[in-house]
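Here's a quick tour for anyone meeting this protein for the first time.

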Amino acid sequence: MGSGAMSISSDGDDAVALAAEDQLRVQLLQLLATPLSAPPSAELLEALSNIGGDDTALGQALSACGAAARDTNPEAEAEAYQDLFIGIGAGILVPFGSYYQTGFLHEKPLASLREDMSSFGVEQDPSVKEPEDHIASVLEMMAGLIDGRFGTEVSLERQKTFYDDHVGSWAPHFFKDLAATRQSAFYSALGALGVIFLEIETKAFEYV
Amino acid sequence: MEEKKATAKTDRRGFLKLAGAGVVGGGAAAAAAAVPAAAAPVEPTKTEGYQETEHVRRYYELAKFM
């Protein structure tokens with residue numbers, strides 16, 4: 001395993017510290033992914049209640065998330081999570097890439113994601129039953145491609161391709177839908193943060 | 001060609017720095033660092049059993065900006 005303090009590459013030797021802006025991207029991806037993978041715990045809400053920013057769009061979206069995290073509790077968010085993503089039969093939103101792009105689960109976008117995961121040497125935890133194109137999973141994979149946690153260095157060009165194919169192609173729509181929901185102020189604030197953050201990501205990848 | 005590519009990457013960095021500036025000024029990164037790593041339902045793992053746990057968590061602790 002890596003030896004340097006900032007190293008997370010599994011071999012450690014050629015690990016390079018991430019630039020500050022890339023660290024921030026990874027953190028924001030993780031911040032968005034975590035409450036989408038499961039309802040937030042009391043600890044997570046506590047941590048999130050401290051986030052904030054200045055009067056830029058991103059800063060304000062973070063402040064709104066922080067405020068919403070302060071004003072809620074795990075029970076209310078567990079209920080909102082259930083209504084939003086699971087529901088009886090189905091939630092209000094279906095947080096899977098294939099569904100967003102084709103109207104059905106398990107279609108071509110999922111197959112294409114699986115191929116790309118395999119090319120990066122990443123596979124699904126066998127204990128997980130959901131398809132890999134869950135919003136939290138693609139965000140986390142994106143974070144992993146940036147910070148190299150899967151042990152392989154991924155060029156910016158390949159990051160862009162992965163982003164365009166598996167994140168940019170549908171996640172902005174998902175976050176827009178999430179922002180418009182009324183189940184919880186916290187999840188709609190998270191949706192708004194996702195919209196703004198992915199606008200930045202999409203624009204930044206246009207430089208590549 | 002290579003030069004053009006390098007310029008584009010510099011521009012991209014500049015853009016991202018600017019876009020993220022509002023956050024660095026606030027308290028976001030410290031809290032983001034508190035978000036546990038690897039919480040996604042699919043929990044992608046590197047084949048051949050690469051496991052991120054303390055390793056990555058430590059990274060998040062160290063990645064605070066302020």
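## Starting at Phe186(A)

Let's begin with one residue in this predicted model. Leaving out residues up to four places away in sequence, Phe186(A) touches Ala68(A), Ala69(A), Thr72(A) and Glu77(A). You'll find Phe186(A) in helix H10 of chain A.

## The nonpolar core

The largest nonpolar core has 62 residues, and those touching the most other members are Leu32(A), Cys65(A), Leu139(A), Met142(A) and Leu193(A). Helix H10 of chain A, residues 185-205, supplies the largest share of this core, with 11 residues.

Take Leu32(A): beyond its neighbours within four places in sequence, its contacts are Leu139(A), Leu190(A), Leu193(A), Gly194(A) and Phe197(A).

## Where two helices cross

Helix H1 of chain A covers residues 20-37, and its axis comes within 11 Å of that of H10(A), the two crossing at roughly 145°. The crossing is left-handed. On the H1(A) side, the contact involves Leu28(A), Leu32(A) and Pro35(A), while H10(A) brings Leu190(A), Leu193(A), Gly194(A) and Phe197(A). Sorted by type, the contact residues of H1(A) and H10(A) are six nonpolar, one polar and no charged.

H1(A) itself is mostly covered, with 16 of its 18 residues buried.

Notes
Residues numbered from 1 in each chain as written. Chains lettered and ligands numbered in written order. Predicted model: local features only at pLDDT ≥ 70, side-chain atom pairs only at ≥ 80, totals over all residues. Core = buried A, V, L, I, M, F, W, Y, C linked by C-beta atoms within 7 Å. Buried ≥ 20, exposed ≤ 12 C-beta atoms within 10 Å, placed from the backbone. Helix = DSSP H or I, 4+ residues; strand = E, 2+ residues; numbered from the N terminus. Contact = placed C-beta atoms within 7 Å. Axes fitted to C-alpha atoms, helices over the stretch in contact; angles between N-to-C directions. Left-handed = near helix turned anticlockwise from the far one by under 90°. Nonpolar A, V, L, I, M, F, W, Y, C, P; charged D, E, K, R; others polar.
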